[in-house]
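Subject: A structure for you to look through

Hi,

Here is the structure I promised to pass on.

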Amino acid sequence: MTVNVPKYGRLELQGNRWLLTDIPPHVAIRLKSIFGRIQKTQTKKFDLPFTDEMSADLAWFMERYPLEMSDKDREILRNGRLQFEEDRASSEAIFLPDWQPSALYGFRPGYAPRHAQSQAVELLHKKRRLLLGDDVGLGKTWVALAAVAGSPYLPAAIVVQTHLATQWVEEFVKPYTYMAAHIIQGTQPYDLPPANLYIFKYSNIFGWVDVAATGFFKAAIFDEIQEGRTGSSSAKGRAMKVFADNAALRLGLSATPVFNYGSEIHNILSYLDPDLLGQWDEFTREWCKIGPGGKWLVSDPNALGSYLRESQIFIRRLREGRKINRIVIDVDYDEDIAEKSEDLARSLAMKVLDGKFAESGQAARELDALARQVTGIAKAKSVAAYVRILLEAGRPVILAGWHREVYKIWLDELGEFNPLLYTGSENAKQKDKTKKGFLNGDTDLIIMSLRSGAGLDGLQNRCSTVVVGELDWSPQIYEQLFGRVDRPGQPEDEITAIFCVANGGSDPTIVSVNAVKRDQARGITDPGLGVEPVYSDESHIKLLAQQYLERKK
């Protein structure tokens with residue numbers, strides 16, 4: 001007996017979208033509840049992206065609610081579902097215990113990627129899109145080089161932070177591989193010399209978009225890809241999109257891909273796989289909610305993190321072993337210094353609340369900058385006094401801040417220790433000189449900008465103590481900062497990270513906002529990990545303080 005299966009509408013492929021029509025109201029409600037990127041107010045016609053993953057999801061939906069289709073579209077849907085399942089199975093096999101890597105070429109004798117790095121390379125070659133979030137020190141640079149060495153994906157464009165271009169070439173490409181590398185100079189295109197790797201800086205890629213648009217670079221590798229978190233609102237974000245869209249292989253590297261609120265992940269993935277999270281409005285409908293100040297927050301960071309891992313666009317492995325001893329020190333806040341800026345702060349605050357939109361926004365930015373600078377200055381001498389205790393005990397220190405006016409106070413207060421600067425004002429050569437001077441023992445103190453040291457390698461050979469003298473709005477900045485010393489080669493069993501926090505100015509507000517952002521980042525990058533207890537042992541710091549006082553008697 002033939003059974004007539006009821007149909008609940010029609011599904012057809014139009015261009016790069018699946019179009020659903022004639023859907024009964026009760027089925028439309030179920031459809032919108034399952035496919036969150038569809039607007040809740042949308043009726044009659046619904047469209048979804050044409051991807052293998054969506055084909056699998058629609059095939060599953062149709063088991064409950066059959067839809068009319070042409071034979072051609074039904075075959076396309078079936079093939080998409082099968083391709084999705086095949087890709088999933090073959091990718092998962094890479095992480096099974098008995099998996100063995102394929103031979104990799106292009107490395108000098110005695111050097112080869114480790115097993116975990118080879119797994120990432122294999123997955124990237126299979127998917128041609130990957131966000132690698134491995135913990136600091138696990139060898140993301142090795143993965144990048146192994147992904148292109150001896151491959152069809154040469155020449156490759158590698159985009160790095162300004163201070164890291166020389167490090168990539170001198171400390172990785174030259175000693176470990178046979179590949180030739182050229183560091184791009186400036187924003188004005190010129191005849192490129194023959195090379196396998198072209199090293200760009202985020203500060204100059206916008207000048208080379210016309211070259212990238214030709215497809216000359218077969219791979220686009222973005223080191224510290226969080227640099228593109230603002231998306232198309234910045235010139236470098238727009239340039240990154242051109243480089244990525246015209247490359248066959250796309251790789252993003254970052255142990256901290258989410259710096260602030262979780263919605264940044266949409267911009268990050270737009271360079272690697274723009275179809276995965278859909279357009280901005282689809283992404284926010286499916287995954288986000290409005291938070292304080294009108295910011296988009298990810299509603300369930302753990303769910304989004306699990307989805308990204310299941311989609312195999314994102315992998316992350318954590319390093320075990322060494323502890324980071326996080327200590328919060330209450331430092332004095334000079335009220336007299338703060339009061340000198342009170343009149344300007346009051347004027348800016350009034351504009352924030354009562355001004356026109358543009359005027360209010362500008363005033364808010366100026367008030368934020370003023371509050372943070374005043375806070376940094378008001379506690380600068382107390383921070384310096386604390387760092388002095390560490391230095392006089394013979395302990396090399398990285399002291400992190402943000403404002404030039406604060407640096408000047410630290411330089412004056414700690415001048416006898418010959419501090420060296422590694423901030424946004426120093427060029428690449430000056431930063432290399434600072435690094436060498438610190439490693440050679442010319443100084444025990446580097447004053448580093450909070451946002452100038454990401455990816456820097458080598459300091460772990462001499463230092464295990466970091467002091468945060470000024471706070472940052474992004475908690476992930478601290479993780480990058482601590483990663484300068486918490487790396488392979490660190491001889492100490494424990495890293496000491498000291499936060500100097502005042503009970504006035506902007507510090508209390510920043511501390512509270514950091515907590516929200518930290519939850520967003522943790523859920524997306526490490527779903528299911530939960531809130532880890534903070535290890536904090538002040539005993540040896542107190543001992544240093546006691547010894548210091550005894551010396552001064």
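One term before we start: a residue is called buried when its relative accessible area is under 20%, exposed when it is over 50%, and partly exposed in between, using a 1.4 Å probe and protein chains only. Keep in mind that this is a predicted model, where local features need pLDDT of at least 70 and side-chain atom pairs count only at pLDDT 80 or more, while totals for chains, interfaces and linings use all residues. Residues are numbered from 1 along each chain as its sequence is written, and side-chain values use heavy atoms, with hydrogens and water left out.

Let's begin with Thr51. This residue is buried, with a relative accessible area of 18%. You'll find Thr51 in the loop between strand 3 (46-49) and helix 2 (52-64); helices (H or I, at least four residues) and strands (E, at least two) are DSSP runs, numbered from the N terminus. The Thr51 side chain also reaches the backbone nitrogen of Met54, at 3.0 Å.

Now the whole chain. It has 553 residues, and 52% of them count as buried. Its secondary structure comes to 19 helices and 18 strands. If you take contacts (heavy atoms within 4.5 Å) with a separation of 6 or more, residues 24 or more positions apart account for 73% of them.

Next, the inside. In soluble globular proteins, nonpolar side chains tend to be buried together. A nonpolar core here is a set of buried Ala, Val, Leu, Ile, Met, Phe, Trp, Tyr and Cys residues joined through side-chain atoms within 4.5 Å. The largest one has 39 residues, and Phe200, Phe222, Ile265, Leu304 and Leu308 touch the most other members. Several elements give two or more residues to this core, including strand 7 (197-201), helix 9 (264-272) and helix 11 (301-310). Helix 9 gives the most, with five residues.

Then the charged pairs. Side chains of opposite charge can pair when their charged atoms come close. A salt bridge means a side-chain nitrogen of Lys or Arg within 4 Å of a carboxyl oxygen of Asp or Glu, and the structure holds 23 of them.

- Glu85 pairs with Arg81, the closest N and O atoms being 3.3 Å apart. Both lie in helix 3 (residues 71-93), four residues apart, about one turn of the helix. Glu85 is partly exposed at 40%, and Arg81 is partly exposed at 27%.
- Lys435 pairs with Glu171, with 2.8 Å between the closest N and O atoms. This pair links distant parts of the chain, helix 16 (residues 428-439) and helix 6 (residues 165-176), the two residues being 264 residues apart. Lys435 is buried at 9%, whereas Glu171 is partly exposed at 31%.
- Asp472 pairs with Arg451 at 2.7 Å between the closest N and O atoms. Both sit in loops, and the pair ties together parts that are 21 residues apart in sequence. Asp472 is buried at 1%, while Arg451 is partly exposed at 32%.

Finally, Arg17, Arg37, Asp47, Glu282 and Glu286 are linked in a network of salt bridges.

Cheers

Technical notes. Polar contact = N/O pair within 3.5 Å; in protein donor to acceptor, adjacent residues only side chain to side chain.
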